[in-house]
Amino acid sequence: MAEAGREQPEGPDFSLGVAPQDVSDDRPLLGHVAGEGAVMARQGGSFFVIGAYCTHYHGPLADGLVVGGSIRCPWHHACFSLRSGRALRAPAFDPLPRWRVEQVDGKVFAREKLSDPAPAAHKGDAQPRSVVIVGGGAAGFAAAQMLRAEGYDGILELISADLAAPYDRPNLSKDYLAGTARPEWLPLRDPAWYRDNGVQLRLGCQVESLDPVGKRLTLADSVTLSYDALLISTGAFPTKLPTPGADRNHVHYLRSLADSDRLIAACAGARRVAVIGASFIGLEAAASLRARGLDVHVVAPEAIPMARILGPEIGAHVRKLHERHGVVFHLEDTATEIGERALTLKSGAILEADLVVIGVGVKPDLSLAQSAGLATDRGVIVDEYLQTSAPDVYAAGDIASWPDKITGERIRVEHWVVAERQGQTAARNILGRKEKFEAAPFFWSQHYDQTISYVGHAASWDRLEISGDPVVDCAVSYFKGDRLLAVATIGRDLDNLRAEAAFETRIGAEAPEAIE
């Protein structure tokens with residue numbers, strides 16, 4: 001019987017047994033173990049019982065997909081091992097709870113809860129004595145976490161130009177800016193984790209130069225660091241507008257936690273905000289600022305927001321969605337001057353604004369790699385193992401240009417989950433695993449109560465096919481010739497997961513559980 005005031009958990013109690021035929025091969029069964037939320041999954045004749053919620057954003061795994069020996073979250077595609085509960089792929093890092101499973105008299109039972117899996121041990125692998133990571137964003141943190149999760153016990157330093165320890169950057173333009181995410185939710189780990197795991201953080205620290213031959217880094221304070229293996233994950237910086245007045249105090253760019261905090265503080269005395277740029281960041285910021293009650297105007301040169309990336313149908317839907325929430329668009333227009341309280345537009349219109357947010361894209365920070373003589377071409381060139389042109393130097397995240405098997409081209413993308421997964425792969429390769437980076441690129445964008453999920457990469461396409469209605473739910477497939485390059489969905493998370501799995505099958509990528 002449920003305790004008074006406690007919600008009765010959904011589904012069967014797995015400790016009382018479940019008939020095997022009630023569990024399908026690709027979809028988990030929602031239930032509980034003596035009141036604790038759980039899902040049961042099967043692979044042939046083997047059954048597994050694990051926690052019901054993703055350890056990233058608490059996504060419902062009952063709505064996810066079982067692929068090989070893994071289960072994938074429907075929200076942001078985190079991937080977990082069914083057998084160990086270990087988080088195999090970002091954006092989740094923490095394992096799922098799990099229970100011992102027993103089959104008795106034609107039923108499947110969950111027994112006692114099992115302990116968290118121990119760090120992986122790979123005996124016989126040659127390990128570097130010291131690893132240095134330059135960049136404290138998604139890729140840098142994910143690499144540090146994976147190194148320790150893989151049992152690496154050497155010297156590990158993480159150098160970041162940011163004053164804050166690694167945090168959840170996607171939240172800065174979404175719930176955190178909207179005021180619905182508390183500050184304590186942002187750090188990817190608390191300070192104790194770095195201390196307990198022997199990760200030396202150097203925050204607010206700039207790297208002046210890299211000597212890949214001597215394997216040395218020189219910091220801005222003239223300190224010199226030696227390394228056996230190096231990961232460069234310096235990320236990107238916002239594209240600055242040359243528009244007159246763009247350097248005024250009320251003009252904001254949104255990239256760092258400090259940027260978001262300054263913008264939030266400025267909202268207190270503002271009534272109207274102008275967002276220059278209908279990018280993902282620009283429109284997410286517009287939605288968040290509307291949630292704070294500000295009048296929001298968006299100025300952008302294109303006729304349809306996001307049409308170049310998502311197509312005209314989804315772009316038109318996104319515009320209408322924002323307009324229903326009170327956003328005013330000034331499309332096919334640009335700002336020619338930013339005054340103290342108003343913008344002058346190319347059309348001649350004058351747009352009042354107490355605040356201005358500029359979101360017109362970012363540029364990869366290639367300065368360290370280029371000055372060190374690493375091969376670059378609109379990004380740091382890496383091979384399928386994410387190694388640069390210099391021995392024992394890897395690159396990951398926004399700066400990395402890698403050979404993508406889905407498109408058959410060399411690509412560079414600026415997605416959070418991609419950066420994290422590349423950091424994880426780079427970490428394993430630093431330890432000698434020889435793992436190819438073959439994950440399908442994935443990102444999500446949140447606009448009010450709708451989330452756009454996108455898997456694959458289509459810089460351009462010949463045709464697109466739409467199934468469904470964006471107002472309710474839909475899937476969009478992007479083709480070049482007969483080659484499917486990407487799939488975007490609204491309200492069809494399972495379709496997006498299946499598209500990701502199909503891309504992996506098509507390119508022959510290694511199964512996620514094989515990287516455990």
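Alanine 342 stands opposite glutamate 352, a residue of strand β24. Strands here, like helices, are runs assigned by DSSP and numbered from the N terminus (a strand is E over at least two residues, a helix H or I over at least four). Strand β23 (residues 342-345) and β24 are joined by 3 bridges in the antiparallel sense; two strands count as paired if DSSP finds at least two bridges between them.

The model is a predicted one, in which local features require pLDDT of at least 70 and side-chain atom pairs pLDDT 80 or more, while totals for chains, interfaces and linings use all residues. Residues are numbered from 1 along each chain as its sequence is written, and side-chain values use heavy atoms, without hydrogens and water.

**Two open sheets**

Strands of a sheet pair through backbone hydrogen bonds, in either a parallel or an antiparallel manner. The sheet that contains β23 is open and has 3 strands in the order β22-β23-β24, with antiparallel pairing. Because β22 (335-338) and β24 (350-352) each have a single partner strand, one side of each is left without a neighbour in the sheet.

A further open sheet consists of 4 strands, ordered β4-β5-β6-β7 and paired antiparallel. Its edge strands, β4 (65-67) and β7 (87-89), each pair on one side only. The twist from one strand to the next averages 35 degrees; angles are taken between N-to-C directions, from 0 to 180 degrees, with axes fitted to C-alpha atoms (for helices, over the stretch in contact). Within this sheet, β5 (residues 70-72) and β6 (residues 79-81) run antiparallel and share 3 bridges. Serine 70 has serine 81 in β6 as its bridge partner. Helix α10 (residues 493-507) lies across β4, β5 and β7, at about 15 degrees to β4.

**Cysteines**

The structure holds 0 disulfides, a disulfide being a pair of cysteine sulfur atoms within 2.5 Å.

| Residue | Relative accessible area |
|---|---|
| Cysteine 205 | 13% |
| Cysteine 267 | 7% |

**The whole chain**

The protein chain contains 10 helices and 35 strands. Buried residues make up 55% of its 516 residues. Its radius of gyration is 24 Å, which agrees with the value near 24 Å for a compact globule of 516 residues; this radius is taken over C-alpha atoms, and the globule rule is 2.2 Å times the number of residues to the power 0.38. The C-alpha trace spans about 80 × 60 × 55 Å along its principal axes.

How values were computed:
Contact = heavy atoms within 4.5 Å. Buried < 20%, exposed > 50% of the residue type's maximum accessible area, 1.4 Å probe, protein only.
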